[in-house]
Amino acid sequence: MLAIVATVLSRIESPENAAVPNAMKQLVGRAHQVAATTSSPQVRCRGQCTAAALPPRVNAASGIPMRSRYPPLEESVTLPTDAAGDVVYDAIVIGAGVGGLSAAAQMVSKGANVLVLEKYLIPGGSASHFKRDGYTFDVGSSMMFGFGERGTTNLITKAMSAVNKKLEVIPDPSQVKYHMPAYADHPEFDDFINEMVSKFPHEEAGIKAFYKHCWNIFSSLEEPLYLMGQFFKQPLACLTLASYLTANAGDMARKYIKDEHLLKMIDIECFVFSTVPAVLTPMINAGMVLSDRFYGGVNYPKGGVGTIPKALAEGVVDFGGKIIYKANVRHIIIEEGPDGVVDFGGKIICKANVRHIINKEGPHGAQKAAGMKLAGSRVFKSKSVLSSGCHPAGAQKATGMKLADSRVFKSKSKATGVKLADGRVFKSKSVLSNATRWDTFGHMMGEAKMPKAEKLFRQRYKKSPSFFSLHMGVDASVIPKDTDVHHIILEEWSKMEEAYGTLFISMPSLLDPSLAPEGKHVVHAFTPDWMHSWSDLSPAEYARKKEEVADAICERLEKALPGLRNAIEFREVGTPRTHRRYLGREDGTYGPIPAKGIKGIVGMPLNRTAVSGLYCVGDSTFPGQGVNAVAMSGIGCAHRVMCDIGLQPALPRVVDDAFFGAIQFFRDRA
């Protein structure tokens with residue numbers, strides 16, 4: 001029934017029905033809000049919280065399970081849902097996640113005309129929060145890097161400063177408490193190293209050597225955010241960083257460390273932020289995270305993680321950008337060039353042996369050069385042909401590195417805007433997708449138009465797991481004040497990568513009591529899970545399995561928090577299906593992970609794509625997953641786009657394209 005109502009109401013909202021009375025539009029907002037808040041019933045319980053606990057509240061008239069509305073009805077019906085469709089924006093950003101908002105913030109701060117399209121009712125995606133009965137729950141991780149005041153890897157601080165925003169943060173001195181044998185968990189770098197050495201004295205030299213490499217990487221990142229632009233200012237730092245481009249953390253660790261138990265600890269260090277073991281984690285990523293936690297520290301934003309995207313969104317609007325909600329992008333508009341003409345964009349093709357100049361007969365029998373044919377039968381059409389010299393038979397020849405055809409020249413196919421599910425069209429000079437690459441190229445572009453580079457990407461990377469999550473409100477009596485905020489439970493090393501193997505726990509209300517009612521605490525437990533485990537279930541089977549898995553997790557939580565099960569007063573369960581529905585991520589994935597062995601970051605996709613005018617931002621691009629990481633991706637993407645559309649100084653086009661072509665060449669062969 002709700003699906004039918006939603007279909008009818010979506011038509012009422014379309015542009016051709018602009019004359020619909022305001023009262024009806026308010027009804028639309030209410031119906032959307034009901035649809036957004038009646039999908040996954042909550043459980044309230046006291047005593048042992050199991051599937052047999054008290055049933056959720058229901059609407060007396062409809063029998064539909066009810067939850068506290070978030071955002072509140074009065075906010076959701078006043079959200080901006082439309083923008084001018086008769087202008088060409090400098091950039092359209094698909095998705096108001098932290099990556100997309102960081103890019104938008106950088107661009108509007110430089111005067112760009114930016115439109116952000118968000119499918120849901122609030123910004124942030126997996127870095128948002130929601131409220132239930134006086135509790136504020138973070139959707140994803142509550143462990144935040146990037147808020148430090150020192151250095152330049154504090155990317156969240158930098159992203160917000162572009163639009164004059166700053167958040168009050170609470171230092172988290174404890175970092176993570178690991179529940180596994182012989183693990184060091186000190187918040188200071190030297191203390192951490194000393195305890196590791198005390199537990200593995202025979203590996204002292206190896207421990208210090210490996211973590212010194214991590215620190216070297218981190219130090220190299222302190223200045224050159226845009227390495228090409230910064231090379232002459234910081235050549236040593238850039239060269240140091242370049243030396244790690246093809247390295248992964250696992251291989252680097254094994255160069256110095258032989259103890260298998262210690263190597264497993266380095267695996268879990270990497271798994272915490274990358275969801276893959278050290279051998280599949282680029283060394284540059286490991287160096288950034290494993291060092292920044294000591295240098296910049298872990299800081300929690302007062303009011304919840306959702307205050308980060310909220311502040312960024314407000315800043316974007318303050319600087320003249322536009323954000324509209326309930327904007328479901330269905331298609332990225334790709335326009336083809338006329339008559340198949342190719343725009344080389346200043347590119348140089350090496351080992352291109354021209355055999356024939358193609359002539360086309362014009363008016364009155366006049367001949368006009370219309371392109372050229374190479375020895376390998378490739379044909380390039382153009383509006384003019386310039387020859388700097390002739391070899392025998394009129395063939396030009398250059399020597400040098402040969403690049404793959406699809407990498408060295410660029411078709412005039414170009415992203416020029418987007419089309420929404422309700423039919424609205426917005427045009428722009430560039431399109432930045434904060435969606436996953438699977439959603440961007442598979443759903444919004446279509447398999448038929450997918451570039452070769454993206455097909456290659458899908459061979460090398462697979463979707464990371466989603467998560468099974470438990471958001472709970474508990475009586476504060478079972479959580480002592482000196483309890484660590486973040487915990488990780490892993491009973492068997494062999495199960496680290498399996499579904500439900502590694503269990504993450506965060507209790508941010510220990511830092512910020514405003515997140516829970518007085519005398520209560522927030523507990524968020526989450527563990528990797530896969531969509532296929534939740535497919536093809538009937539509604540009854542789905543509900544039953546959710547409670548069974550949740551009960552099993554509550555049993556494991558007793559290891560870190562004795563007495564927890566009897567103190568739970570509120571429990572809400574999320575599965576990969578929940579993450580897919582509310583975050584718009586295919587299979588609920590949180591980004592790509594290598595499908596096989598990798599050579600450092602060389603194979604990781606950058607912001608530019610093989611489609612002119614289309615960019616990716618967020619966890620599907622370098623440097624990967626994590627709020628601080630996607631902020632870095634957003635800042636870098638904004639820089640790239642601003643250069644490409646002429647709003648910021650750039651390297652000469654020939655140099656820029658040659659550099660990008662070289663990166664593509666090595667990336668495709670990594």
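Which residue stands opposite Gly-417 in β17? The legends below take up this question after an overview of the chain.

**View 1. The whole chain in this predicted model.** The structure is a predicted model, in which local features need a pLDDT of at least 70 and side-chain atom pairs count only at pLDDT 80 or more, whereas totals for chains, interfaces and linings use all residues. Residues are numbered from 1 along each chain as its sequence is written, and side-chain values use heavy atoms, with hydrogens and water left out. The chain has 20 helices and 26 strands, where helices (H or I, at least four residues) and strands (E, at least two) are DSSP runs numbered from the N terminus. Of the 670 residues in the chain, 54% are buried, a term for under 20% relative accessible area, while exposed stands for over 50% and partly exposed for values in between (1.4 Å probe, protein chains only). Among contacts in the chain with a separation of 6 or more, 73% are between residues 24 or more positions apart, a contact being heavy atoms within 4.5 Å.

**View 2. The open sheet of 4 strands.** The strands run in the order β1-β17-β16-β10, with mixed pairing. Because β1 (88-89) and β10 (329-335) stand at the edges, each with a single partner strand, one side of each is left without a neighbour in the sheet. Two strands count as paired if DSSP finds at least two bridges between them.

**View 3. The pairing of β16 with β17.** Strand β16 (residues 414-420) pairs with strand β17 (residues 425-428) in the antiparallel sense, over 3 bridges. It is Lys-427 in β17 that stands opposite Gly-417, which settles the opening question.

**View 4. A cis peptide bond between Phe-622 and Pro-623.** Most residues other than glycine have a negative phi, and most peptide bonds are trans. The bond joining Phe-622 and Pro-623 is cis, with omega at about 5 degrees, and Pro-623 is found in the loop between β26 (614-616) and α19 (627-644).

**View 5. Asn-164, a residue other than glycine with a positive phi.** Phi of Asn-164 is near 60 degrees, and this residue lies in the loop between α5 (155-161) and β6 (169-171). Asn-164 counts as exposed because its relative accessibility is 62%.

**View 6. Asp-587, with a positive phi in a loop.** For Asp-587, phi is near 60 degrees, and the residue has its place in the loop between α18 (576-583) and β25 (592-594). Its relative accessibility is 28%, so Asp-587 counts as partly exposed.
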